[in-house]
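Please examine the sequence and structure shown below before reading on.

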Amino acid sequence: MELTTQQRNESLSAATHTLLFDNDYLHIKNAIEQLHLLFAGVTGVKAGNITDQDIKLAFGTAVSTIKAAHCLKELERTLKFIRGIHQAVNHLLNTMPGQTINILYAGCGPYATLLTPLTSKFTSAQINFILLDINTDSLDAAKVLYEQLGLSDYVIDYVCADATIYTFPDAIRIDMVISETMLNALRKEPQLAIMNNLIPQMRPEAIFIPEKISIEAVLTRWEEEYRYFTIPDYQPKRIKAGLVYLASRQFKLPQPIIIHIPASETHNRLELFTEITVFGEEMLTTYNCSLTMPLAVCKLENQHEGKAVKFEYIMSDHPGFTYTI
C-alpha cells in the first residue's frame, strides 16, 4: 500500500531525529535504511546494482545517479554530514535572525541526501535550496522527490549545470554551499575544481561544507593496520611524515610540496590519509568511510635513510596527487 504524504513525512522526521540525536548505531543503520526505502520508493532510484554511467568532466568525474544514491548508505558519512550541516544551519540562523538561509547544494544527486532530512527540522521560511547537479537523471529524481513529499516550497531552483563553472544568481544571497564530490585523497572527482570556482563567489560570512579537508603523508605497516581491525580499541603505530594539503574556506589550490619521509626499519608503506571536518566537531577520520580510506602511494624499500617525496596535484579530467621520489 502506497504511503500518504503525511506518512512519508512522519517517516522522514523519525529517521532524521535518530540521525541527529541517537548514538545507537543499530538505530542509525535502521534510520538510514528507512530513508533509502522512502527515497527509492518515491523516485524509483534504488541504491542497487550500478547499471548507469558516470559523466566525464574537464576536471573530474561526476558520479552516476545510482552511485550517488549509494552514498546515503555509508553510515558514518551520512551521519557526520547531516549532523554538521544541522549545526551550521543553526549557527547561521543565530547570526542572521529573521532571515532565510539560502543553501546551494552542488552535486545534490537523486535524493539531495544531505538536505532533505533537514526539512523535517527547519521550515521553508528558515532554509531554502538551490539544488544543482550536472546529471539530468539525478536532478529529475530530486525534483520528483520534493514534489511528492510536498517540499517544493524549500526549493528556489533546480539547476542542471557543471559546478566547476557555475555562477551564483545575482538576485539570491548564498549563505551556505555544500559540495561533497570527492573520493579519498581528492582523486578522480571534481571537489577542488568546484571549491576553486564557488568559494571566491561566496560572501565572507557564508559557510562552505565541508569546512576542511586534510591530506597527510603517513608511513604504515600492514601488521599494525591488521591489528586495528582485529583487536578492539587497538591504536596502530604509524609515522606521520607531513601535511600534503589542507583545503578550507581560505581556499588555495594545492602547490607542489616536498615531504621528507623519515627512515624506518618497520614501516615501509607510504600512504595518503584523508580527514574531513564537516562543521565544528563533526569529523570523518581514517577508515570511517570510503572518503577516508588510506590511499596507497608506494612501498619504500631499504629504508635505512630518509627520502624526499614530491607531491603534486594534477587538475585534469582525472585529478589527483602524483608523486616523485
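## The antiparallel sheet

Lys 310 has Thr 324 in E15 as its bridge partner. The strands involved, E14 (residues 307-314) and E15, run antiparallel and are joined by 5 bridges. Strands here are DSSP runs of E with at least two residues, helices are runs of H or I with at least four, and both are numbered from the N terminus; two strands pair if DSSP finds at least two bridges between them.

E14 and E15 belong to an open sheet of 3 strands with the order E10-E14-E15 and antiparallel pairing. Strand E10 (257-261) and strand E15 (320-324) each have a single partner strand, so one side of each lacks a neighbour in the sheet. Ignoring direction, neighbouring strands of this sheet are turned by 30° against each other on average.

## Basis of the model

The model is predicted: local features need pLDDT of at least 70 and side-chain atom pairs count only at pLDDT 80 or more, while totals for chains, interfaces and linings use all residues. Residues are numbered from 1 along each chain as its sequence is written, and side-chain values use heavy atoms, with hydrogens and water left out.

## The parallel sheet and its helices

An open sheet of 5 strands shows parallel pairing in the order E5-E4-E3-E6-E7. Its edge strands, E5 (155-160) and E7 (207-209), each pair on one side only. Within the sheet, E3 (residues 101-106) and E6 (residues 176-178) pair over 3 bridges, and Tyr 105 has Ile 178 of E6 as its bridge partner.

Helix H4 (residues 75-95) lies across E3, E4 (127-133), E6 and E7, and runs at about 175° to E7. Helix H5 (residues 136-148) lies across E4 and E5, at about 160° to E5. Axes are lines fitted to C-alpha atoms, for helices over the stretch in contact, and angles run from 0 to 180 degrees between N-to-C directions. Contact means heavy atoms within 4.5 Å.

## Core and cysteines

The largest nonpolar core has 99 residues, and Leu 270 is among those with the most contacts inside it. Such a core is a set of buried Ala, Val, Leu, Ile, Met, Phe, Trp, Tyr and Cys residues joined through side-chain atoms within 4.5 Å. Beyond its neighbours within four places in sequence, Leu 270 is in contact with residues including Val 309, Phe 311 and Cys 298.

Cys 298 is buried, with a relative accessible area of 16% (buried means under 20%, exposed over 50%, partly exposed in between, with a 1.4 Å probe and protein chains only). The whole structure contains 0 disulfides (pairs of cysteine sulfur atoms within 2.5 Å). For Cys 71, the nearest cysteine sulfur is that of Cys 289, 9.5 Å away.
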